[in-house]
Amino acid sequence: MQISSRQLDKTTIFDVSGDIDLANSPVIRKALLREVKEIRTPRVVMNLSKVRYIDSSGVASLVEGLKASRDVGSRFILFGLSTSAREVLQLSRLLKIFEVYDNEEQALAG
Amino acid sequence: MKSLDPARRAKAKERNGDSSRALLLRMELPSDPSLLCAVRGAVERLTESFGFSEPDCRAVTRAVDEALTNIIRHSYKGRPDQPIEVFVRAVHGQNSAEPSEGLEFLLCDRGPSIEDAQLCMRALEEVKPGGLGLHFIKQSMDIVEYKRANGTNRLRLVKFVRAAKQDVSS
């Protein structure tokens, strides 16, 4: 799994590639919480278009990011969900909880 | 990918001497999270070759991955050097009213016994991190059974191949 970030005005976009599982979900969690809670970026966007698989620990990291963003009044956005990633969010009934878009253009315009 | 060659299935059955429970794959691995991707790859290929639909391939792969994750996190408390064994067998059984072939995954670890309370799932209505793995396993598999025997935790997961729906209009 690889993660990198880009800045666009008051938005940080995390580009993630590979599988998110127990081996690397702590990296995602740490990056998200730092961005949301410490840096207080008003809008944090996760580009998951190159993520093929997310396990429950990855979902938990995304939920932590979402809860932290709610706590500080910022926005937390996902886009580019693979079929598998969409399935796990549906199975956990979290798909409607997140702000989800198909692509980056829609995510930034939303 | 094509379905598993019937001759290879028959040979596997001969080797195991039990025509209803042919061993297809056996994996021994340490409880190292970095190996989960290798297991997912093997399970994904096996389910594809066995004839599962794409959604079911993903479901079985997810269930096995989540079960291994639970072993690493809860049974071995994150220690990366503890033994895990995975046995995969072809099984025959009932899927709804139809007899069906399926795959059985037996995951074995030598951690402490799992209490019933640990196998309880939290309510999905709660939006909070954690506690989703068992949901994914139970939603993905047809049979989920746990037992403790000879100092070993044994989690048995079974998924049957669903018959493709036929188009009755043609």
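Analyst: The account below goes from the overall fold of the chain to its strands, its loops and its interface.

Residues are numbered from 1 along each chain as its sequence is written, while chains are lettered from A and ligands numbered from 1 in the order in which they are written. This is a predicted model, in which local features need a pLDDT of at least 70 and side-chain atom pairs count only at pLDDT 80 or more, whereas totals for chains, interfaces and linings use all residues. Here pLDDT is the predictor's confidence in each residue, from 0 to 100. For the complex, the predictor reports an ipTM of 0.92 and a pTM of 0.86.

Chain A contains four helices and five strands, where helices (H or I, at least four residues) and strands (E, at least two) are DSSP runs numbered from the N terminus. Read from that terminus, the order of elements is β-β-α-β-α-β-α-β-α. The radius of gyration of chain A, taken over C-alpha atoms, is 12 Å, close to the 13 Å given for 110 residues by the globule rule (2.2 Å times the number of residues to the power 0.38), so the chain is as compact as a globular protein of that length. Along the principal axes, its C-alpha atoms fill a box of roughly 30 × 25 × 25 Å.

Two residues are in contact if their C-beta atoms, placed from the backbone, lie within 7 Å. Of the contacts in chain A between residues at least 6 apart in sequence, 70% join residues at least 24 apart. A residue is buried if 20 or more other C-beta atoms lie within 10 Å of its own, exposed if 12 or fewer, and partly exposed in between. Buried residues account for 45% of the 110 residues in chain A.

Strand β4 (residues 75-79) of chain A is mostly covered, with four of its five residues buried. β4(A) pairs with β3(A) in the parallel sense over five bridges; strands pair if DSSP finds at least two bridges between them. Within this pairing, Phe79(A) in β4(A) is the bridge partner of Asn47(A).

Most residues other than glycine have a negative phi. Arg40(A), however, has a positive phi near 60°, and it sits in the loop between α1 (25-38) and β3 (43-54) of chain A. Arg40(A) counts as exposed because 11 other C-beta atoms lie within 10 Å. Arg93(A) likewise has a positive phi, of about 55°, and belongs to the loop between α3 and β5 (99-101) of chain A. Arg93(A) is partly exposed because 15 other C-beta atoms lie within 10 Å.

At the interface, 19 residues of chain A are in contact with 21 residues of chain B. On the side of chain A that touches chain B, the elements giving two or more residues are α2 (56-72) and α3 (83-91) of chain A. The most comes from α2(A), with six residues. This side of chain A comprises nine nonpolar, four polar and six charged residues; Ala, Val, Leu, Ile, Met, Phe, Trp, Tyr, Cys and Pro count as nonpolar, Asp, Glu, Lys and Arg as charged, and the others, Gly among them, as polar.

A word on the confidence of the partner is in order. Chain B averages a pLDDT of 84, and 72% of the residues score at least 70. Over residues 166-170 of chain B the pLDDT is below 50, and this stretch has zero contacts in the model beyond near neighbours in sequence. Where pLDDT is low, the predicted coordinates should not be read in detail.
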